[in-house]
Amino acid sequence: MNTKVNICGVELKNPVMTASGTFGSGREYSEFVDLNKLGAVVVKGVADKPWNGNPAPRIAEVYGGMLNSVGLQNPGVDYFIENDIPFLRQFDTKIIVNVCGHSIEEYTNVVKKLQGQDVDLLELNISCPNVSEGGMAFGTDPLMVEKVVNEVKKAADKPLIVKLSPNVTDITEIARAAVSGGADGLSLINTLTGMKIDIYKRQPILYRKIGGMSGPAVKPVAVRMVYQVCKAVDVPVIGMGGISNAEDAIEFIMAGATGVSIGTANFINPRATIETVEGIEEYMRKYDVKDLKEIRGIID
Ligand code: SIN
């Protein structure tokens, strides 16, 4: 049985990884999760300087998921290089760095600092809905997407995966723009913008009013978008959005995803990633799937 997958020339022992922003840098979860068993750890967004994120409240529970407006709080790339890379390198897993910025220059600064560092892949975050500059503001305009990807790619010495926003009319247009800008792979979906109102206080729950929705309720939207993108472009896709278990992950693989990321489910079940790895193996044994290639993208 072969669970290995190849993402932009990097071989992962299995397709299961963490979704950026839901797993810190892995340290927080390492008590519960054997990181050696994961295909990759995708770390929380890393910026060129430390960011404080947005004021609280910045999390709200909703039916079938949650809203967040964290605002990419992070200690910055220098801290990441000094502390998180050495920590993660103790484990036999791949490291994917989610790169964030308010401007092309800030994104490029991070990627330049990561040149020569011991990480495997970069994930360009042009899809966070919780910052007023950069993030989703860049990722919803195809011309801008192509330009940012093109500029960042020039500075990157690792394959560049571009993380897409679902908050667009036609996800395939954005996917094509990213690929024509030089993306080596794509990941999707980031969160869907949403809002929750406290009817007793007569005010939004989140300080920033609008946040990003994730969790099981967004899964059908994510599967649809992954399916459409996999039909539209010819680069590896990492699928995510509401994956909680192996059945969910296999849906994404059948829709065409090479890798799968688990996000919100980590908050409910810290072992969701490991159980998904085990569940995929069990499915492969039970249904005599020798290689994940046999089921990848099998939906016409
Ligand atoms: C956040 O930190 O606001 C969430 C991260 C993201 O949506 O990319």
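Four aromatic pairs turn up in this model by the ring-centre rule. The rule: rings of Phe, Tyr and Trp (its six-membered ring) pair if their centres lie within 6.5 Å; planes under 30 degrees apart are stacked, over 60 edge-to-face, the rest tilted. One of the pairs is Tyr107 with Phe138, tilted, at 6.0 Å centre to centre and 40° between the planes. That pair links distant parts of the chain. Tyr107 sits in helix 2 (residues 104–113) and Phe138 in helix 3 (residues 136–139), 31 residues apart. Helices here are DSSP runs of H or I, at least four residues; strands are runs of E, at least two; both are numbered from the N terminus. Tyr107 and Phe138 are both buried. Buried means under 20% relative accessible area, exposed over 50%, partly exposed in between (1.4 Å probe, protein chains only).

Ground rules, quickly. This is a predicted model, so local features need pLDDT of at least 70 and side-chain atom pairs pLDDT 80 or more, while totals for chains, interfaces and linings use all residues. Residues are numbered from 1 along each chain as its sequence is written, and side-chain values use heavy atoms, without hydrogens or water.

Now the ligand. Which residues surround the ligand? They are Lys44, Asn68, Val70, Gly71, Leu72, Asn125, Cys128, Pro129, Asn130 and Asn190. The cut-off is a heavy atom within 4 Å. Look at the oxygens of the ligand. A polar side-chain atom of Lys44 lies 2.6 Å from a ligand oxygen. A polar backbone atom of Gly71 is 2.8 Å from a ligand oxygen. For Asn125, an N or O atom of the side chain is 2.8 Å from a ligand oxygen. On its own the ligand has 260 Å² of accessible area, and the protein covers 93% of that. Areas come from Shrake-Rupley with a 1.4 Å probe; for residues, only the protein chains shown count as cover.

Next, Thr93. It is in the loop between helix 1 (77–88) and strand 7 (94–99). Why call Thr93 buried? Because its relative accessible area is 5%. A polar atom of the Thr93 side chain lies 2.8 Å from the backbone oxygen of Leu38. The backbone nitrogen of Ala40 is 3.5 Å from a polar atom of that side chain.

Last stop, Ile295. This residue is in the segment after helix 9 (272–286). Ile295 counts as buried because its relative accessible area is 7%. Its C-alpha is 33 Å from that of Pro129, 166 residues apart along the chain.

Key. A polar contact is a pair of N or O atoms within 3.5 Å; within protein, one must be able to donate a hydrogen and the other to accept it, and residues adjacent in sequence count only if both atoms are side-chain atoms.
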